[in-house]
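Please look at the sequence and the structure before reading on.

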Amino acid sequence: MSMVDDPLRALRELNPEARSMPEGNLGLVFLPAQTFEVAGQRQTADLLLCPAELGGYQTRLFFDRPFPQRAANWTVHTLLGRSWHTFSWNGVQANQPLEQILLAHLAVLR
């Protein structure tokens, strides 16, 4: 696969360590030590992006811990043998580039 065909290429501009981590039929993307804003404060956390339908959500973004000051209805899920936290947020469509999916989920926390 060439760099042009690499779906993670643009995502790696946001996080050079981004890598595919498949689980079952899910093409998860692990983003270690990703920086982002929560209520105007810079945070760093491990993230797990699910760019496909899961549990009735078009896409999901999982965090290594919750940030309840900004998003509601946090739940815990086990993926890749680890506990991950996510909030109730739907409508981020899977038919866009991975970095756009990530940024759309993170925008809720700003």
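In the hairpin of strand 5 and strand 6, with 2 residues between the strands, leucine 80 has a positive phi near 55 degrees. Strands are DSSP runs of E with at least two residues, and helices are runs of H or I with at least four, numbered from the N terminus. Threonine 75 lies opposite threonine 86 of strand 6. The model is predicted: local features need pLDDT of at least 70 and side-chain atom pairs pLDDT 80 or more, while totals for chains, interfaces and linings use all residues. Residues are numbered from 1 along each chain as its sequence is written, and side-chain values use heavy atoms, without hydrogens and water.

The table lists the paired strands (at least two DSSP bridges between them).

| Strands | Sense | Bridges |
|---|---|---|
| Strand 2 and strand 3 (residues 41-50) | antiparallel | 8 bridges |
| Strand 3 and strand 4 (residues 60-63) | antiparallel | 4 bridges |
| Strand 5 (residues 75-79) and strand 6 (residues 82-86) | antiparallel | 5 bridges |

Valine 29 has leucine 49 of strand 3 as its bridge partner, and leucine 48 has phenylalanine 62 of strand 4. Between strand 2 and strand 3 the hairpin also has 2 residues, and alanine 39 takes a positive phi near 50 degrees there.

The largest pocket holds about 180 Å³ of space. A pocket is an open set of points on a 1 Å grid over the protein atoms alone where a 1.4 Å probe fits, with protein on both sides within 12 Å along at least five of seven lines; lining residues have an atom within 4 Å of a point. Strand 2 (26-38) and helix 2 (98-107) each give at least two residues to this lining, which includes Phe36, Arg42 and Leu103.

Definitions and conventions: Grid points are joined across faces, edges and corners, and a volume is the space filled by probe spheres set on the points.
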